[in-house]
Amino acid sequence: MKRLSLAFLLIASASAAEAQQPGAPDATVVEIPPLSSPDSGTKGNEMLQIGWEATQLIASDLGQTTELMPLKPKREDYVSYPEVTAPSFGKWRPLGAKLLLTGFVQSRSDGRIAIGCYVYDVTKGSELARKGFVLPKSDWRRAAHKCSALAYTAVTGSPGMFDTRITYVAENGVGDGKVRRVAVMDSDGYNHKYLTTGSTIVLKPRLSPRASQLAYVSFSEGKPIVRLLDIGSGKERPLVPNDAISFAPRFSPDGSRIAFSMMLGPNSDIYVVGASGGMPQRLTTSPAVDTDPSFSPDGSKIVFESDRSGTQQLYVMNADGSAERRISFGAGGYAAPEWSPDGQWIAFASRGPYGRRIGIIRPDGTGEKYLTNGPADESPTWAASSREIMFARLGPGGRSALYRISVDGGAPQQVTIPQDGSDPDWSGAID
Amino acid sequence: MRKILLFLALGIAATGAQAQILPFLSKRGPQQPVVQGIDALRADFAAQSGGTTVYYGLGSAVLGAPSRAMLAAQAAWIRRHPEVVVRVEGYGDSGDTRDHALAVGARRAEEARDYLVLLGVPAAQVSTTTWGDERSGLGRAVTVLVR
């Protein structure tokens, strides 16, 4: 059933408002009447229109989770402004919804708008959470995402992942003539923009935790070198002031450090450097290929891949390079690990006779399981919720696309982007 | 390293000066070499060396005997052509993950470069890069005449 519903979503996801997911059998059903407004006249109509779009966005957000199942919003379910804070629960109980999300949009004299959201337990007839935001009219989507997060957190206790950003490599064409640009967008596909021009090959962009900085690999010097871009100002510089080959950058969870790979002669090792500069510190010394470092959520440990045993395997070490420990032992290879934001899992790409597929494993090496069947999946990256993974899948024609999949399994769902894409990276929740 | 660079720079400056005063010295001066375009040089390099590409085993950066023989021929040619600069470009194996492919390609390029330097090619004359899983195919290192 779950598989079927996800497959249905895949086809129907072009229109976000239509994407009403039947959801898992135990999903919490949510009723979302159109956001109301205390305003009247032209202003009132404008606020109600924003409210209606926000309502559909919230339903779309929640429809993409496995834990919540929004009923399809209907304009005729309109509630009056007083009902936002004093809902008549008897009206909603027959619909089978356990959760009710109401809200309002109000214009302000300073030109901005106020958006308030309220989450109720319909069965108990009690309020679970509320939140209010004042923001520019054009930013209503951010408030809607935070309303979605409010409902998600009320049900699951986990932080919502709706106001997050995704960076990836946008690809046009195939083969040698392929043009690649670093792109960044909101996790729902809005506010899509390109951060590099396409004049040079770019790989593996990584967002800082608050998505204010971007580390990426550029071939502008004729070889791969990590560069650091300040997204707000557009200023950028090489991560380290030398001309050594460097790649595979990743920020620490607090954004203060960047771990990466650098070549010293024929030897690829893992280094760490302050995001604001300084001398890089070498963390691994093995003569093998050590690469793809990823920090644990508390910043105290780093998982990485190394072929020191003869095949690519996963290792965990302290963030200062001490106490290296191998955690994967299966046949084939394990590559490109990323530690989940809740610390419970490490996602990886595996290599074997089946090609490349995406799996997860506990940081202590137990619980290994596979989420995709390949044959050309790689670059897994976690959602802020730790419930979902995004990855790149290379199709038969040499064209790459982005997919997301729940850690509980199911069919991968293709992400809608304006062109081909690879090397995704999903930021944490942006406050 | 710096000395070699300096030497090269002086050499280029001297060549420039010589070209200007050549009419007065033409009777005694050495035969002016035939000026070759970069494409002609590349073709000559490939022909004389028996190829520009050395191949590696899966996941390996170890040079086999055929590869060493080709690199020896490349080294002899490059030593006869101090006016050129070469770049060794390494590639990963097809099906490899992105960053591992970059590292393996870089290692292959370095191993080939080190062998050229061991055989007397000035280090300043040869740089390296890696293409990782770009233009994937057999694991290899290609010696490219840059200029």
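User: Which strands form a hairpin with A:Ser386 in the turn?
Analyst: In this predicted model, β25(A) and β26(A) form that hairpin, with five residues between the two strands. A:Ser386 in the turn has a positive phi of about 65°.

User: In which sense do β25(A) and β26(A) pair, and over how many bridges?
Analyst: They pair in the antiparallel sense, over four bridges. β25 covers residues 377–382 of chain A, and β26 covers residues 388–394 of chain A.

User: And what stands opposite A:Thr381?
Analyst: A:Met390, which is in β26(A).

User: Is β25(A) buried or exposed?
Analyst: Buried: six of its six residues are, so the strand is largely enclosed by the rest of the structure.

User: New topic. How many salt bridges are there over all chains?
Analyst: The count comes to 35. In general, side chains of opposite charge can pair when their charged atoms come close.

User: What does A:Asp121 form a salt bridge with?
Analyst: With A:Lys98; the closest N and O atoms are 3.6 Å apart. A salt bridge needs that distance to be within 4 Å.

User: Which parts does that pair tie together?
Analyst: A:Asp121 lies in strand β4 (residues 113–121) of chain A, and A:Lys98 lies in the loop between α4 (89–92) and β3 (99–107) of chain A, so the pair ties together parts that are 23 residues apart in sequence.

User: Are those two residues buried or exposed?
Analyst: A:Asp121 is buried, with a relative accessible area of 5%. A:Lys98 is partly exposed, with a relative accessible area of 41%.

User: What about A:Asp110, which residue does that one bridge to?
Analyst: To A:Arg108, with the closest N and O atoms 3.1 Å apart. A:Asp110 is partly exposed at 41% relative accessible area, and A:Arg108 is also partly exposed, at 35%.

User: Now chain B. What does B:Arg108 meet in a salt bridge?
Analyst: The side chain of B:Asp93, at 3.1 Å from N to O. B:Arg108 lies in helix α4 (residues 98–118) of chain B and B:Asp93 in the loop between β2 (86–91) and α4, so this pair ties together parts that are 15 residues apart in sequence.

User: Buried or exposed, those two in chain B?
Analyst: B:Arg108 is buried, and B:Asp93 is buried as well.

User: Last one. Which residues are linked in a network of salt bridges?
Analyst: One such network links A:Arg206, A:Arg250, A:Glu338 and A:Asp425.

Key: Residues numbered from 1 in each chain as written. Chains lettered and ligands numbered in written order. Predicted model: local features only at pLDDT ≥ 70, side-chain atom pairs only at ≥ 80, totals over all residues. Heavy atoms only, no water. Buried < 20%, exposed > 50% of the residue type's maximum accessible area, 1.4 Å probe, protein only. Pairing = 2+ DSSP bridges.
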